[in-house]
Amino acid sequence: MIDSSQRLWAIPIVTESNLRDAAFDQGYRIGPEHAAGWIFFRSASAPGEIALAAVAAVGPFFLSVQHAGTAREMIGRGFDQATPCAKGHSAAFVFTDLEQLYVGVSQAYRLSMSLPTLPLERFQEETSGLGETEAEAVTRVRIGQNIFRDALMDYWNGVCPLTGITDRELLRASHIIPWADCTSDAQRLDVHNGLLLSSLWDAAFDAGLISFGDDGKPIASPALSDVAAEELSIFTAPPLALTPAHRENLVWHRLHRWIAD
């Protein structure tokens with residue numbers, strides 16, 4: 001962890017312009033405001049503010065994140081931490097160049113848009129006028145599944161983590177605990193109850209032919225054919241980056257969906 005407490009100086013105009021571009025280009029367009037060497041930005045759509053700072057025009061660069069869930073996720077994904085963060089924020093991160101800073105700010109925006117409770121709030125808003133008829137129930141599910149897919153696309157950066165596929169038409173929003181088995185809309189729309197998988201992986205996961213262990217590694221069912229296992233490259237696929245909430249939901253999947261024999 002890098003200590004930035006003695007390294008944040010008055011930011012040169014050219015560097016401030018770069019930091020403003022990094023924020024604006026990734027969706028943080030309210031600001032800037034200055035305090036204690038940080039430049040603060042907010043978004044009209046994503047919750048939580050961010051703050052940016054730099055030692056010099058060539059870096060290193062710092063990103064401070066207010067949203068606690070976003071901070072936890074970025075720490076879990078291996079972003080290099082810095083200390084201290086901006087006042088009232090949850091964590092700060094350090095980047096060697098502007099390109100890496102852009103990645104970090106983009107990740108912060110995507111995560112804050114996908115994490116609870118924003119998808120649920122959007123669902124409640126878009127379904128507030130629906131009644132209890134069968135047709136309206138179908139509409140409610142369709143709206144929820146579309147919101148869930150959007151949230152997973154943000155959370156996983158639009159990439160199947162097992163194959164690297166980015167073609168939207170080939171990506172599926174895979175519930176770990178299926179929509180019908182969830183006990184609440186909050187659970188149905190929680191990104192930790194989902195995986196963004198390419199279509200073949202999604203079909204195998206939904207059918208219980210594969211699951212995932214606590215280490216994120218795929219587990220093949222005895223019912224999975226050798227041909228399917230080879231096509232999935234199941235024994236060489238990278239492990240998923242899982243949170244404790246993912247692991248808890250996958251316990252349910254292994255107990256109720258995975259074909260053990």
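Predicted model: local features only at pLDDT ≥ 70, side-chain atom pairs only at ≥ 80, totals over all residues.
Reader: Is the pair of tyrosine 28 and tyrosine 109 stacked or edge-to-face?
Author: The ring centres of tyrosine 28 and tyrosine 109 are 5.6 Å apart, and their planes meet at 85 degrees. Planes over 60 degrees apart count as edge-to-face. The pair is therefore edge-to-face.

Reader: How many residues apart are tyrosine 28 and tyrosine 109, and which elements hold them?
Author: Tyrosine 28 sits in the loop between helix H1 (13–25) and strand E2 (30–35), while tyrosine 109 belongs to helix H3 (residues 98–114). The pair thus links distant parts of the chain, and the separation is 81 residues.

Reader: Is tyrosine 28 buried or exposed?
Author: The relative accessible area of tyrosine 28 is 1%. Since the cut-off for buried is under 20%, tyrosine 28 counts as buried.

Reader: Is the pair of tryptophan 201 and phenylalanine 212 stacked or edge-to-face?
Author: Tryptophan 201 lies in helix H7 (residues 199–206) and phenylalanine 212 in strand E10 (residues 210–212), so their pairing ties together parts 11 residues apart in sequence. Tryptophan 201 is buried at 2% relative accessible area, and phenylalanine 212 is buried too, at 0%. Their centres are 6.3 Å apart with 25 degrees between the planes, and the pair is stacked.

Reader: Which helix gives the largest share of the lining of the largest pocket?
Author: That pocket has a volume of about 290 Å³, and its lining has 15 residues, with Gly69, Arg72, Glu73, His192 and Thr243 nearest the centre. Helix H2 (68–76) and helix H9 (244–256) each supply at least two lining residues. The largest share, five residues, comes from H2.

Reader: And which helix gives the largest share of the lining of the second largest pocket?
Author: This pocket has a volume of about 150 Å³, and its lining includes Gln145, Phe148, His175 and Trp179. Helix H5 (134–155) and strand E8 (171–175) are the elements giving two or more residues to that lining. The largest share, four residues, is from H5.

Key: Residues numbered from 1 in each chain as written. Heavy atoms only, no water. 1 Å grid on protein atoms, 1.4 Å probe; cavity = no way out; pocket = protein on both sides within 12 Å on 5 of 7 lines; lining within 4 Å. Points joined across faces, edges and corners; volume = space filled by probe spheres on them. Phe/Tyr/Trp six-rings, centres within 6.5 Å; stacked < 30°, edge-to-face > 60°. Buried < 20%, exposed > 50% of the residue type's maximum accessible area, 1.4 Å probe, protein only.
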